Amino acid sequence: MDRAIEIAVNGQTRKLLVDDRRTLLDVLRSDLAVTGPKYGCGLAQCGACTVLVDGDPARACVLRAAKADGAAITTLEGLADPSAGTLHPVQQGFVDAAGAQCGYCLNGMIMTTVALLKANPNPCEQEVREALRHNLCRCGTHKEIVASVLRAAELMGEAASQASEASA
Amino acid sequence: MSLDYGRITVFRDAAGGREVFLTFDTFGVAVGFNGHVDLGTGIETALSQIVAEELDLPLDRVRMILGDTSRTPNQGPTIASETIQITAVPLRHAGAQIRRELMIRGARRLNAPVREVSLESGEVRWDEAKVAYESLIAGEDIALRLDLEAPVKPAKDYKVVGRSTARVDLPAKVTGSHPYIHDVFVEAMVHGHVIRPPYHGRDSGAFIGHSLVSFDEAAVRQMPGFIAVVRRGDFLGVVASRADQAQAIAKSLPVEWLMPPALPDMASLADTIRDQPSTPRICDATGDFARAIDDCDTRLRRSYVWPYHMHGSIGPSCAIADWNGGEPIVWSGSQNPHMLRADLANLMQLAEERIDVRRYQAAGCYGRNCADDVCGDALILSEAVGRPVRVQLTRSQEHLWEPKGAAQVMDVEGGLKGGAFHAYRIDSWYPSNRGPNLALLLTGRITPEPRPSDMGDRTIIPPYRIPHKRVTVHDMAPIVRAAWMRGVSALPNTFAHECFVDELAAEAGEDPVSFRLAHIDDPRTAHLIRESAEKGSWQPRTGPRRRREGRMAYGQGFAFATYVHGAFPGVAAAASAWVCDVAVDMETGEVKLTRVFVGQDQGLVINPDGVRHQIHGNVNQTAGRVLKEDLSFDEIAVTPQSWATYPLQTFPETPEIETMLVERSGDPALGVGESAAVPAAAAIANAIFDATGVRMREAPFTPERMRAALGITGDALPAAIAGPARKEGWRERLFGPRDGRRIGAKGVGLAALLGGSLTAAAMALPIHRAIAPTNAPQASNFSPELLARGREVFAAGNCATCHTVPGGAANAGGLAVETPFGTIYSSNITPDKDTGLGSWSYTAFDRAMRRGISRDGSNLYPAFPYTSFAKMSGDDMFALYAFLQTLEPVRQETPPAEMAVPFNLRPLNAAWNALHLETGPLAPYESRSEAWNRGRYLVEATGHCSACHSPRNALGAERAGADALSGAPVKGWYAPPIAGAAAASFGWSEAGFYDYLRTGIAGDIAAASGPMAEVVDNLKELPDADIRAMAVYLASLSEGGAEGQASPTTVDAAAVAAKATGLAALPDATQRLFDSACGACHEPALGNLATAARVPLSRSPAVRSSDAEALRTVIRNGIEAPLSLKTRDMPGFAGELSDKQIDDLAAYVRARYASNPS
């Protein structure tokens, strides 16, 4: 059954008519051409499809789009500053520490890291590994990804302290 | 200054015309063309560095075109770590040629002697004067024939090559703007979904291509988005406007296949492989092995076994094809675009040159996955419908059908004479080939006979000085579909060589590294071994050290190999040495790889960071293969369909990794894509030996195998907790999984108790007076207020759920309800004259509802909860009757009940009624509040909660008194206690009940699922006051639980208890299944994961139920509640996991999370 929904994707309000059973991942990729989130398993096992729903991480392959009605969705495309064009510190961290080989899992790694650093701005390496334990990478880029997360935490810390100095 | 366009090109002549390797034009940009592709390894960056170096251009003025068949030279598949070592060679010479041409032209322009000018940053310079390259070619089209003798820049002058360079593709990848093949959009494209045969992952035998009996297109033609069903032999696919529509149509299409023949016994893998037809090929027969082995004073015979592995690309393959009137364009993530083009030409019987394969990056593949297969799929479908067709394989299709990394058996014999390695024999069986394109096989374009190949000989020659050798590879065809995977046969062959030499060192009482060095002649190899041992902190020993700290045993292992690729005797790629540390848990058998040091000699290093990344990737991926990965089979085919049953290495499991790159900038660059994988298995096995004294000769080294080797006993689960396995019903055996008409994912449990038959069944014997048929009043006779009330009663009674078959006509009945006494079908409650309630008077309706007597006088089965409805008020009963007359009439006969003797005799029900039926509406308690009395009425009468939540006696009657609402298994599900101490201890409160009934969620106490989700969805028709009233009443039934939320201590205690039980279970395949399939949502790594389970497993009624069936039902069907609820979905696993796996998983979860299943 088709249902009218309204979601805000990366700040832009989208009104859609979607079949009840379609996943948010499918609707984002097929209807809205938002292809940062990737289809990996369809069973919430790998994390490649991760998006933020009202700021919380979600596996878009097991979330029906109709259930996200009224929510604000942030995807990989929505992280960078649209006006300045600068990368989000987490994206910059993954560039700095080369946190990808094929990069197909990268969306999930970055989006999960954004959520992690919001909850824990200064994770130790062990905490990073635990936070990513349900994100799969087949290329074996784990070492660079962990380094990228730690680098991202560093960059976010710097940005936060600059912001507080500027406001002081 | 604007220049006339000009360019300079280096080409070679090929059969199909000129092949271009490099161009530089007046835009100042060099474009390199390479027939190999970037598999996610960063090869694009390294190739760009090579061009930038030879041309003295800044890196950002270099572009690479990789793999497009119309633009790049045919350089074969991207395999064997050849890209830098072999296919980049012409690119380098082409760069040197252009550089030379620009140098001569620049010198002429500057009036300078050629030998005195220098080239830098895109300029030719002489003293102070300089000229940009672009201006030297303006208005000209210069073509140079490729000259592989053209002198290249000496390594000592390198400025770009040999320096770490950031990946050129990363910035676009981190923003999501890099287009993977999965992200390509082609105008007017439609979507295909393939339906693969049941012989998952097999590619030889007469049945291949000849197993499709029939399909019924008419059954799906009306489905939304339908465009076509396409069949070619065993190739079957559907095309629809949208991908989800194509998938839904494919799922609904009735298809009949022949049963495939059985596989050989894959459980006895080594024997099976040895028994397959094979042709021995001797690769080295130095000396006289047969005589020498008898001369040995120490002699060992060993067998090493390597399992089947999956490439496991993280993104299932995808392609788009546009038939384009016979000039096809194919957008592909292929590893080998030119080889693919030849396959597609064969498939469609076209000349190769007419096909344009455009290559995009895909998920990393590490060998041959389904990337080429899906191009065949898309092209067949596109030709059939005349439009561009995109095909995205599912995770399951990729898992089942990708050509696997083959299993391998190595039988080894050898010995020492006077402490030296004197004789060595290895026989290696490698059942693999190049993985013919699936579309060619399915359509019958190529015949499905077994096709042997010769790739079992990679690194089959041991690196040691051994005077007497007999090295034999047994060339053979695949058993299941197989093709090259990272390390190919070199990895297993090295597993054998390097474990065996370690065993000999131990026999000789020598340090394993010293023993190796004593048998190495090549100084470059010896250097690598020595340096790696030293820098890798190798600890010399002459036998296993068995270091112990508590339950942990610690060990260190060494292994090395030179990866040899290409046709025998092959070409050497980089050589790698491992020094690794393991910790073995001597109680559970778990092996943790804690540190890996890799020393590698790859000659010239193009991009040091790129090389290190490849080493890290090889270590992490191969560690998972060695410790965890093992492909499973059933009698017929490959079985894993997701990561649930093929778990990958996770972040917490990955080791620390250190690297050492041997400095050899003067030597040619060697391939690094696979080398560091090759020593992995042997190094880890040797470390386990050092820790425990046990030799592991069959990978993977799982906890189960380790426990067997170490003699650790202990059952994974006590049988009492595991409980009896679910017995498969005959219906499922005959008809497969239950279809929609049977009890399905929706409405299962409640339906199981309701239903009955309000209409007369032919076999029933009426013993009550019949009430004459009469025309029921028109809906217009009733007031809107009355109908509104009737709607609420209808919702509170959840009538629609049980009287509707999922996907069928609303309220027309027919839902099958299996009771202990037989199968009955719910009745048609629409106002249809003949088959529904259209000829029922109110009197007849009232009697049926209150006394279970049908209009014709026959008794209804007590599965229909008239014992509750008897308590309804007259006003509500009439309102319901009125409302039912407003439903859409549907003509649909109710199937007769199929009851077992003696329950097929309805007179028995009359006797039953005499025992159990208390008639009459509820009388309110004056001492209680109005809300409480209203709640009691809704719970006890209209809502008939007891029908599911009260246990039943042997005659099927609800137990009353203290047992009322104390929880009961409902066919397939479990309705938990909602009254009494059990409910109170669970933390139920008025607020909790209210939230639950209003939204489906009560904090972290409960989330509605299965049939209860339907109930909550129907309750949305009821006003808040009624929901509140039910909560007030239910809370009063919980002793001491009337107020307050669950105390945190209760939850913690449950968690602690669960943890304690969990520890009792030894790690095994079921635990790995839980971790990989369930963990992400049920033990989420981030607390606020919006798709995680709402309720901890330790609180789940299905987990705590007295029998495991409720949990098995959830695992099979998943959870998909109506959208009005705030609950979350869960995928079902019925099509993926076997009954045994579901039984084991349910037992594991209950043991771990419900220490005392209630």
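This is a predicted model: local features need pLDDT of at least 70, side-chain atom pairs count only at pLDDT 80 or more; totals for chains, interfaces and linings use all residues.
At what angle do helix H11 and helix H15 of chain B pack?

Residues are numbered from 1 along each chain as its sequence is written, while chains are lettered from A and ligands numbered from 1 in the order in which they are written.

The angle is about 30°, and the axes of H11(B) (490-508) and H15(B) (680-692) sit 8 Å apart. Axes here are lines fitted to C-alpha atoms, for helices over the stretch in contact, with angles running from 0 to 180 degrees between N-to-C directions. Helices are DSSP runs (H or I, at least four residues; strands are E, at least two), numbered from the N terminus. On the H11(B) side, the residues involved include B:Leu491, B:Phe495 and B:Cys499, and H15(B) brings B:Ala685 and B:Phe689, among them.

## H33 and H36 of chain B

Another pair, H33(B) (1069-1082) and H36(B) (1139-1153), crosses at roughly 80°, the axes coming within 9 Å. That makes the two helices roughly perpendicular (65 to 115 degrees). B:Leu1073 and B:Phe1074 are among the H33(B) residues that meet H36(B), whose partners include B:Leu1145 and B:Tyr1148.

## Where chain A touches chain B

Between the chains, 64 residues of A are in contact with 61 of B (contact: C-beta atoms, placed from the backbone, within 7 Å). H3(A) gives the largest share of chain A's side, seven residues.

How values were computed
Two residues are in contact if their C-beta atoms, placed from the backbone, lie within 7 Å. Angles under 35 degrees count as roughly parallel, over 145 as roughly antiparallel, 65 to 115 as roughly perpendicular and the rest as oblique.
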